[in-house]
Amino acid sequence: MKKLALFAAILALASAGASAGGFGLYGSYWDIEDADDAGVGGGLKLQADLSEDGVVGFEFRLSGSTGYGGDGVFKDAYTAPIEANLTLGMPLGDKGKIYIGAGGGYYVMPEFESKVVMGSSLEPDIDPDDSFGYFAVAGIELMFSETFGIFVEAKYTMVEVDKVKIDDVEQDMGDDNEFKGFGANAGLLFKF
């Protein structure tokens with residue numbers, strides 16, 4: 001809980017120094033290496049410029065991803081990342097920008113009921129540990145007006161989940177504990 005409080009304090013301090021900003025709504029794809037299928041979902045990112053020229057920026061992201069469990073035990077699993085990152089951007093003419101960034105997050109993995117029989121349980125309750133993780137991102141923004149545009153970005157996320165509770169019995173995740181892999185986000189951008 002102390003780590004989460006520290007993370008929230010850093011977010012508040014970074015937001016306080018922001019001069020201009022906006023938000024993006026996006027769809028996402030995440031190819032998790034240890035998962036059966038790729039995850040799909042969507043999210044919201046809030047942006048703030050930390051420098052007057054817009055070269056240095058800050059982003060806060062809320063998103064969700066599901067579908068990565070295939071037809072196995074984790075079929076109904078989903079992940080809800082809460083992330084923050086810094087970006088460095090370079091203008092592309094008057095209407096565009098390319099950027100790179102890196103940050104961290106807290107990856108909430110809510111409990112779900114599996115449809116796969118495990119032992120004597122017909123529908124076991126699966127509760128993976130929430131975990132901290134890191135990511136890197138690179139993208140491009142194209143603005144159609146001063147307030148509306150689109151963006152596309154590639155993202156690599158690294159998260160390890162060490163424990164899982166199955167019907168309230170804690171177990172190690174074993175070798176399949178890494179939620180890491182490449183993904184992509186694309187969506188609409190609104191600036192103010």
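Start at D168, which sits in the loop between β10 and β11. This is a predicted model, and the backbone there deserves a look. D168 is not a glycine, yet its phi is positive, at about 65°. Most residues other than glycine have a negative phi. The side of the story that concerns solvent is simple: D168 has 70% relative accessibility, so it counts as exposed.

D167 reaches 33% relative accessibility, so it counts as partly exposed.

Now move out to the fold. The chain holds 1 helix and 12 strands. How many strands make up the closed barrel? There are 8, in the order β1-β2-β3-β4-β5-β8-β9-β12, and their pairing is antiparallel. From one strand to the next, the twist averages 25°.

Strand β3 (residues 56-66) and strand β4 (residues 78-92) run antiparallel, and 9 bridges join them.

Next come the rings. The model has 8 aromatic pairs, counted by ring centres within 6.5 Å. One of them is Y26 with F151. Their ring centres are 6.0 Å apart and their planes meet at 75°; over 60 degrees counts as edge-to-face, so this pair is edge-to-face. Where in the chain do Y26 and F151 lie? Y26 belongs to strand β1 (residues 20-30), F151 to strand β9 (residues 148-159). That puts them 125 residues apart, so the pair links distant parts of the chain.

Are these two residues buried or exposed? The cut-off for buried is under 20% relative accessible area. Y26 has 8% relative accessibility, so it counts as buried. F151 is buried as well, with a relative accessible area of 1%.

Compare F144 and F148. Their ring centres lie 6.1 Å apart with planes at 35°, so the pair is tilted. F144 counts as exposed because its relative accessibility is 54%. F148 is partly exposed, with a relative accessible area of 30%. Both belong to one aromatic cluster, formed by F23, F144, F148 and F190.

Lysines meet rings too. Return to F151: K45 lies over its face, at 4.0 Å from the ring centre. So F151 has Y26 as an edge-to-face partner and K45 over its face. Another example is K155, which lies over the face of F135, at 4.7 Å from the ring centre.

Finally, step back to the whole chain. Of its 192 residues, 39% are buried. The accessible surface comes to about 10200 Å², and carbon and sulfur atoms hold 61% of it. The Y26 and F151 pair, at 125 residues apart, gives one link between distant parts of the chain to inspect.

How values were computed:
Residues are numbered from 1 along each chain as its sequence is written. This is a predicted model: local features need pLDDT of at least 70, side-chain atom pairs count only at pLDDT 80 or more; totals for chains, interfaces and linings use all residues. Side-chain values use heavy atoms; hydrogens and water are left out. Rings of Phe, Tyr and Trp (its six-membered ring) pair if their centres lie within 6.5 Å; planes under 30 degrees apart count as stacked, over 60 as edge-to-face and the rest as tilted. Helices (H or I, at least four residues) and strands (E, at least two) are DSSP runs, numbered from the N terminus. Buried means under 20% relative accessible area, exposed over 50%, partly exposed in between (1.4 Å probe, protein chains only). A charge sits over a ring if NZ of Lys or CZ of Arg is within 6 Å of the ring centre and within 35 degrees of the ring normal. Two strands pair if DSSP finds at least two bridges between them. Axes are lines fitted to C-alpha atoms, for helices over the stretch in contact, and angles run from 0 to 180 degrees between N-to-C directions. Accessible areas come from the Shrake-Rupley method with a 1.4 Å probe; for residues, only the protein chains shown count as cover.
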